[in-house]
Amino acid sequence: MRLTETADVWWKNAVVYCLDVETFFDTDGDGRGDLQGVSQRIDHLAELGVTCLWLMPFYPTPDRDDGYDITDFYGVDPRLGSHGDLVELLTLAQDRGIRVIADLVVNHTSDQHPWFRSARESRQSPYRGWYVWRDEPPPDADKGIVFPDQEDSLWQYDEEAGQYYLHRFYKHQPDLDIANAEVREEIERVIGFWSQLGMSGFRVDAVPFLLDTAGALDASGLPDPHDYLRDLRAFLDRRRGQSMLLGEVNLPYPDVRRFFGDEDGDELTMCFDFIGMQRLYLSLARNDPAELVQALRSRPDRPEEGQWGTFVRNHDELTLDKLSDEERQEVFDAFGPAENMQLYGRGLRRRLPPMLGNDLARLKMVYSLLFSLPGTPVLFYGEEIGMGENLAAEGRNAVRTPMQWTTGLNGGFSTADPAELAAPVTEGEFGPEHVNVAAQRRDPESLLNWMRLLIRRYRECPELSWGECTILEHESPSVFAHRSDHEDGTIVALHNFAAEPARVTLAVAGAGVGVQAVDLLHDGTTDVQEDGMICLDVDGYGSRWLRIIRPGDRYIL
């Protein structure tokens, strides 16, 4: 594999790190994180091995939905900093080999956005057609509500406008009309602006909703929404080559595959693997990898330059909506039995360490699995140190607590009075006195140092992200084993989902003499039998990565 191949499609083996500027690090003592704070902590990300920083919304906002209700797509919220602060962050990240992508939230605006304020004033407003209006809501106005505990209809009557407007999310977030050519052109201007400023791409929020034209009075004759997604990708490629679009598409696998585009991948560059994530949690609940195996076997092939985004946790609730009612209840019983741990009846508002009882061995196994699965791993801030949630916070905000840097005031996040923080710090077993960056940097057995090792090995093993994945058969039902092959390289990974140790015998190579399996996570080398078979022990909740070395191979290990 030529180095230029990996550089041109850098997302194929990236390490993506998502953070909320507001809760990462506060430099001015106002209780709210800021862009200068991210700049001051950029070396933490570089030392971890992050290659792509995903910034959650930093745009001006009334902040009724954690910044996803935007009033200016070209602005920076003054509470977080300025355009100058952002450019400085982009420069510092680039100096450390870290690309930066931004959240692209153009399915809707805040109802305080100047476009909507103009649109509601008059039917003659130039922005009236930028939103979806009706004199009467349709009969199915209560179908497909995203937040059923907050909303009872997708249509909201506006007294000033004298009509109903569509809102797939909260009523204070009116939907833009993607069928309007002016709206589509404006979205291109938005991504063109941020690309010119130095962004390497975008995480596209709620892609199926963005492309949905069902709210139009007459959808016949409208352009295919996927044509627009292709146009958007082509525009981005022209404006800034080597950029990527990472899509939030929580749909069944065959439907997700459509959003990659044709065989050449002319729509989204990457799609999150929501199905694989949900099946992983069901496997963890059962201490049996069978459900994850089934998901991987049914996952469609992505385009050659496309990639799946794999993750254990993200910034929203841990959605389990693609599981059956019985399967979802299994996961609830195992990892979130209390009602206040659940959200909307479809997901969990918890982080992984509390769900696993803070079992460090099991945590290390899950993250080893994440970095060895075919796809690009995406981390949510705080995962690298095993942060927990704060169930006293409302809804999804339970997992959006301040980053824990030290044992000091507010976990070293801010010098402000705790009552003035943008979000409350986690307390108890997962509070900063027990979980923080400073302590884990000095502990060779910490989760932070384990994550650093995983990331280093992942970046050294192009087989994991570029290779062909083969699930290996063996005699132990609790062990997930797979092989990744690319060009002349082979990596074999084993992960034990059970607390009891296991022994497996499996085929890792073709017939030959002098073949060895070198352990990449621990010291040790095992000889492979001449028939290509090997017998291996895996600890309870253990993980092993093995590079298959043949006579004449020139790997530096």
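How many residue pairs are in polar contact between domain 1 and domain 3? And what else is there at that interface?

Reply: Between domain 1 and domain 3 there are seven residue pairs in polar contact, with both partners at pLDDT 80 or more. A polar contact here is a pair of N or O atoms within 3.5 Å; within protein, one has to be able to donate a hydrogen and the other to accept it, and residues adjacent in sequence count only if both atoms are side-chain atoms.

Two bits of housekeeping. This is a predicted model, where local features need pLDDT of at least 70 and side-chain atom pairs count only at pLDDT 80 or more, while totals for chains, interfaces and linings use all residues. Residues are numbered from 1 along each chain as its sequence is written, and side-chain values use heavy atoms, leaving out hydrogens and water.

Now the layout. The chain splits into domain 1 (3-107 + 181-458), domain 2 (108-175) and domain 3 (468-549), with bounds from an automatic or database domain assignment. Going by C-alpha atoms, the centres of domain 1 and domain 3 sit 31 Å apart. At the interface, 25 residues of domain 1 are in contact with 20 residues of domain 3, where contact means heavy atoms within 4.5 Å.

How much area gets buried? About 1800 Å² between domain 1 and domain 3, with carbon and sulfur atoms giving 70% of it. That figure is the accessible area (1.4 Å probe) that two parts lose on being put together, summed over both. On the domain 1 side, Pro 289, Met 365 and Arg 457 supply 27% of the area buried against domain 3, more than any other three residues.

The rule finds one salt bridge across the interface of domain 1 and domain 3, and it needs a side-chain nitrogen of Lys or Arg within 4 Å of a carboxyl oxygen of Asp or Glu. The side chains of Arg 297 and Glu 473 meet in a salt bridge, 2.7 Å from N to O.

Which helices make up the domain 1 face? α10 (274-286), α11 (290-298), α14 (360-372) and α16 (447-460) each supply at least two residues to the side that touches domain 3; helices are DSSP runs (H or I, at least four residues) and strands are E runs of at least two, both numbered from the N terminus. On that side, α14 gives the most, with seven residues. By type, the domain 1 side has 16 nonpolar, four polar and five charged residues. In that tally, Ala, Val, Leu, Ile, Met, Phe, Trp, Tyr, Cys and Pro count as nonpolar, Asp, Glu, Lys and Arg as charged, and the others, Gly among them, as polar.
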